[in-house]
Amino acid sequence: MSAATGALAPASRRHLPWVALIIVAASVLIAVTAGLIAPHDPEAIDPINAELPPVFLDGGAWTYPLGTDRLGRDVLSRILFGARLSLGVAAVALLIGGLVGTALGVIAGYRGGWVDALIMRLADTFLAFPSVLIALVLAVTVGPSFWVVALVLGLVLWARFARLVRGEVLAWKVRDFIALARVAGARGPYIAIHHLLPNVVNSLVVLCTLQVGWAIVVEASLTFLGAGIPPPAPTWGGMVAEGLDFIETAWWISVMPGVAILLVVFAFNVVGDWLRDRLDPQLRAV
Amino acid sequence: MTDAPLLEVRDLTVDVIGERGVGRAVDGISFAVNRSEAVGLIGESGSGKSLTCLSLMRLNQAPGTAITGGVIEFDGQDLLRLDADAMRAYRGRRIAMVLQDPMAALNPVLSVRDQIGEVLALHRGVRGAAQEPIALDLLQLLRVPDPPRVLRSYPHQLSGGMRQRVVSAIALAGGPDLLIADEPTTALDVTVQAAYLRLLRHLQQEKGLAILFVTHDLGAIARICDRVAVMYGGRIVEVTDVATIFRAPQHPYTQALLRSLPDVDRRPERLEPIPGQPPSVLAPRVGCPFAPRCGEATDLCRTEAPPETLLAAEHTVRCWARQAT
Amino acid sequence: MVSAIASRLLQAFLTLLLTSVVVFVLARTSGNPVDLVLPAEATPAERQAFIERNGFDRPLPVQYAVFITGALQGDFGISIRTRQPAVDLVMQRLPRTLALATVGLLVALAISVPVGVMAAAYRGSGWDRFGQSFALLGQSVPAFWLGIILILVFSIHLKWLPSSGVGGWRNYVLPAIVLGWSISAGIVRLLRSSMLDVLGTEFVKLARAKGLSERRVVWKHALRNALIPVVTFIGFMYGVIIASAVVVEVVFGWPGLGYLAYESTLWRDFPVLQCAVLVYTAIIVGINLLVDACYGLIDPRVRV
């Protein structure tokens, strides 16, 4: 019945994933080639052209399509370079969280018993962890940086990965082919890598996609608070924060990077939902 | 008009709209239930009997299923012509229902008192403290031990048999003329089953309640019903009184059903399961639905659906091999 | 039941322990802890006294014991900025954050419960599409940016509501909406799927067979059951909301605990930050326990 209603869904719902996929691909491409396509140096200061409005407003010019900030830096170029930092942090955080979480999840699910209990308690604890606050503490003690943000995100992400992978391993462990491998004399780590992991890959891809958006939003929030990637690096969260004081006169400084966050995060979430529905119906609860 | 049946169903057709197409789950069935009469509707799972029940109250799931034709006349009113509000006035008030699984049929977060009281308020305008004595009487009527305690209980605190009695008390709270019982005993222990069936029979005889008893269990039919309709593959294949169905069943399916029933007179090795599988709802409907499993099937059976034949007073059958001579 | 309670308490204890250890280790291992905790203009004598009191020459576990004993007695040191005890500053700000977070939670429930219920009750309809789009947008719009947009529209252009500060109820409106927004998406998703489960049950069928109106079936019979997983989630949501409160308080200049933590970060006022983080964690943990304890109110099956 659900498929029947799905088939009746309007065209907009069927095309949305493709639009989102294009945005995702474009953002990745921009992140990689920002240096080639950005019209200006994102950190070049031009005081004469400070707080220039975007081209579609009175006084705007094509030289600075999305206007300039209070130091006369090109908003568009900073947004393009910001994609590199935002997606970069998300990628590093997912790599850390994904590797640690998957490994611990496989161990927890495969070994069971007290190992499982310990790892899952720990995962629950990290999920309840106030990551924003820890990031603030890190900003004061260690100093804010790209790697600190990636680490803080990874601290929460590993627990999400561990939970998912453990659940899947528990479900797959009881299947016949795993028992067969064990009877054939395969050892634990071999079974985990050759038999269990390939079956979990779908779910991992879905979870990664769904978490990119989360990671970008949290990174932007931390940077906004001054606990993320420090200035003068062009970051979306940082740009919004810098523009806050000029919101009445030059709203575009804050609003434009926010639109970039919204578009990219929205696109990743749509693609994630779409992948989940296609690849992995069991994951709906996550 | 008093001898007109309480419920008369004519050519009721219900379609199931599935992922792989539309199937006719209930295919033009007709039957009647008289006042104060217990009628059994028997069939295997998938024969369309549960869907028939839900359709009678127009509670069949939309958009998954749709009533596409026929007449459901209750006390002279065609229920299919009523608007949603008018239909709701019949539910619980004139026609009540007891569902298959008493474990799942009660709302776990509401007390028994709330769940009975709700019907009293809705259909009898009884509110507040005045509900208490009526609810206690209802539980008493259903022979629930210690009614005051049960009334305060939540469903999880009651046993399966007790829950089924509470569900029945809820059904009777609106003072209905017809009770539709959809496999009410399937989920119960055998001893509890017998007691519950006796209770239903008692209610029917003492209170003048008409019952449509839906089951796959011929034994239960024998205990409680006056007449029986046998359903197979979305059609009613035989209707007769309960004595005839056991003594002289006519339709090959009914006969096969009886042979598959354990009996004190017959040794277990003589039990004969019916060969083959009941038809899929989505299968194309040509000929008699039972033909693929019927020992007497002819080419005619496989190509053309048999008409309803009146064999004797109150005994109809749909079978090419049982045409009245 | 007992083991569930024990497990919850253990969880709460672990979270607090972990947070305090992380904060402690970060403070002691990065650079010079004396500079972190004492003002730059502290005299050498003050520095010496501090080192002796905390035993910086002793092993880390011993130092931790000293730290945690002090913390349990409310001694988190002196604010570098204001020279007041850190715990006093934190406690002053705490009520404002709790008030804002609670209003935010109520706003979230007021928005997301109707949306989630309607999306499930009219599955596949316009309501459902609205609910799903709402959930998707809710996850995609960062709270701080939404706050700025609302200030632009409602404070700067329309001049309806104040953009910052505390005072009357009008000051609550925008920050509470942003806070509520930040968790609404999660509630809508959770409630929609749990409503769909409940609407398929036998007791909902029976409620309809009783002749109850669809409104009563959905809002009384189904919703009460569908809320059970949502309530378990509220403790978690409160944690999320308090964490987003940091950002929201900064955007709206709301002088609560989150703003204090932000200021302390800017001023490198570590004693205050450390105290704020631990009090924050304690509150999140405490609310989680409280929600678990109240669980029986909505679900009679777990009443003892």
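Colleague: How do the axes of H7(C) and H10(C) come together, and at what angle do they cross?

Modeller: Two packed helices are described by the angle between their axes and the distance between the axes. In this predicted model, the axes of H7(C) and H10(C) approach within 9 Å, and the crossing angle is roughly 30°. H7(C) is therefore roughly parallel to H10(C), since angles under 35 degrees are classed in that way.

Colleague: In which hand does H7(C) pass H10(C)?

Modeller: The crossing of H7(C) past H10(C) is right-handed.

Colleague: Which residues of H7(C) and H10(C) meet?

Modeller: From H7(C) come C:Ala143, C:Phe144, C:Gly147 and C:Ile148, and they meet C:Ser244, C:Val247, C:Val248 and C:Val251 of H10(C). This contact between the two helices is made of six nonpolar residues and two polar ones, with no charged residue.

Colleague: Let us turn to the interfaces. How many residues of chain C and chain A are in contact?

Modeller: On chain C 39 residues take part, facing 39 residues of chain A. The helices of chain C that each supply at least two residues to this side include H7 (143-157) and H10 (214-251), together with H1 (2-29) and H12 (270-298). H1(C) provides the largest share, eight residues. By type, the side of chain C that touches chain A holds 28 nonpolar residues, ten polar and one charged.

Colleague: Which elements of chain B give two or more residues to the side that touches chain C?

Modeller: The contact draws 26 residues from chain B and 19 residues from chain C. The elements of chain B concerned are helix H2 (84-90), strand E6 (95-98), helix H3 (102-105), helix H4 (112-124) and helix H7 (160-173). H4(B) makes the largest contribution, with four residues. The side of chain B that touches chain C comprises 16 nonpolar, five polar and five charged residues.

Colleague: How many bridges join E6(B) to strand E7 of chain B?

Modeller: Four bridges link E6(B) with strand E7 (residues 178-182) of chain B, and the two run parallel. B:Met97 has B:Ile180 in E7(B) as its bridge partner.

Key:
Residues are numbered from 1 along each chain as its sequence is written. Chains are lettered from A and ligands numbered from 1 in the order in which they are written. This is a predicted model: local features need pLDDT of at least 70, side-chain atom pairs count only at pLDDT 80 or more; totals for chains, interfaces and linings use all residues. Two residues are in contact if their C-beta atoms, placed from the backbone, lie within 7 Å. Ala, Val, Leu, Ile, Met, Phe, Trp, Tyr, Cys and Pro count as nonpolar, Asp, Glu, Lys and Arg as charged, and the others, Gly among them, as polar. Axes are lines fitted to C-alpha atoms, for helices over the stretch in contact, and angles run from 0 to 180 degrees between N-to-C directions. Angles under 35 degrees count as roughly parallel, over 145 as roughly antiparallel, 65 to 115 as roughly perpendicular and the rest as oblique. A crossing is left-handed if the near helix is turned anticlockwise from the far one by less than a right angle, and right-handed if clockwise. Two strands pair if DSSP finds at least two bridges between them.
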